Amino acid sequence: MRKARWIAAATLAVVVMAAGCGSKSAGGKTADGTASATTGVARKPAGAAPSHGTLLERAAGTWKYIAAPDDSTLDTLVIKDGKATAKGAKLSCTGTLVTTKKGGQESATITYTCKDGKDGGRGLGHLKVDPEGSSLVIDFDGPPGGWGGPVDSYRRA
């Protein structure tokens, strides 16, 4: 019985060591032959926003629409210094994010000004960004007297 336990423990140790080896070969180079400056540390994308920053800091950057685009979508959203520029196949809009703090919670709203005066039925939008800054959602109220507007969901480009 002891021999079986010892063999199981030795096998487990070999499996754990092999799993932790990664793809680096001797000399600090990766499998494709390029030199690597990091070992086992995940790198953040160059365009990533700071984690757990303010709402505007997390929102800053370029965003791509996550659903299938159509004539009323804004496929690319760029937020810089509290200003937003959104473009789609038929829409081109700009807006300024207005931030407020209530009960310690930060929130932001946006109203687009679009070319030809058509905003795709959006109206006032309420911005939400996840704490890591990898997804952004704008929930629009829609036109006055309506049932609500679209929800634009984005992933960082």
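How many residues stand between strand 5 and strand 6 in their hairpin? Two, and Gly103 in that turn has a positive phi of about 60 degrees.

A word on the model before I go on. This is a predicted model: local features need pLDDT of at least 70, side-chain atom pairs count only at pLDDT 80 or more, and totals for chains, interfaces and linings use all residues. Residues are numbered from 1 along each chain as its sequence is written, and side-chain values use heavy atoms, with hydrogens and water left out.

Now the sheet. Strands here are DSSP runs of E, at least two residues, numbered from the N terminus. Two strands pair if DSSP finds at least two bridges between them. Ten strands form an open sheet, in the order 5-6-8-9-10-1-2-3-4-7, with antiparallel pairing. Strand 5 and strand 7 (113-114) stand at the edges with a single partner strand each, so one side of each has no neighbour in the sheet.

Strand 5 (residues 98-102) and strand 6 (residues 105-111) run antiparallel, joined by five bridges. Lys101 stands opposite Glu106 in strand 6. Strand 6 also pairs with strand 8 (residues 124-129), antiparallel, over four bridges. There, Thr109 has His126 as its bridge partner.

Next, charges. Side chains of opposite charge can pair when their charged atoms come close. A salt bridge is a side-chain nitrogen of Lys or Arg within 4 Å of a carboxyl oxygen of Asp or Glu. The structure holds one. Arg122 and Asp152 form it, with the closest N and O atoms 3.0 Å apart. Arg122 sits in the loop between strand 7 and strand 8, Asp152 in strand 10 (residues 151-156), 30 residues apart. Buried means under 20% relative accessible area (1.4 Å probe, protein chains only). Arg122 is buried, at 1%. Asp152 is buried too, at 1%.

Last, rings. Rings of Phe, Tyr and Trp (its six-membered ring) pair if their centres lie within 6.5 Å; planes under 30 degrees apart count as stacked, over 60 as edge-to-face, the rest as tilted. We have two aromatic pairs. Tyr65 and Tyr154 are edge-to-face, 5.7 Å centre to centre, with 70 degrees between the planes. Tyr65 is in strand 1 and Tyr154 in strand 10, so this pair ties together parts 89 residues apart in sequence. Both are buried. Tyr112 and Phe140 are tilted: 5.8 Å and 40 degrees. Tyr112 and Phe140 are also buried.

Notes
Buried means under 20% relative accessible area, exposed over 50%, partly exposed in between (1.4 Å probe, protein chains only).
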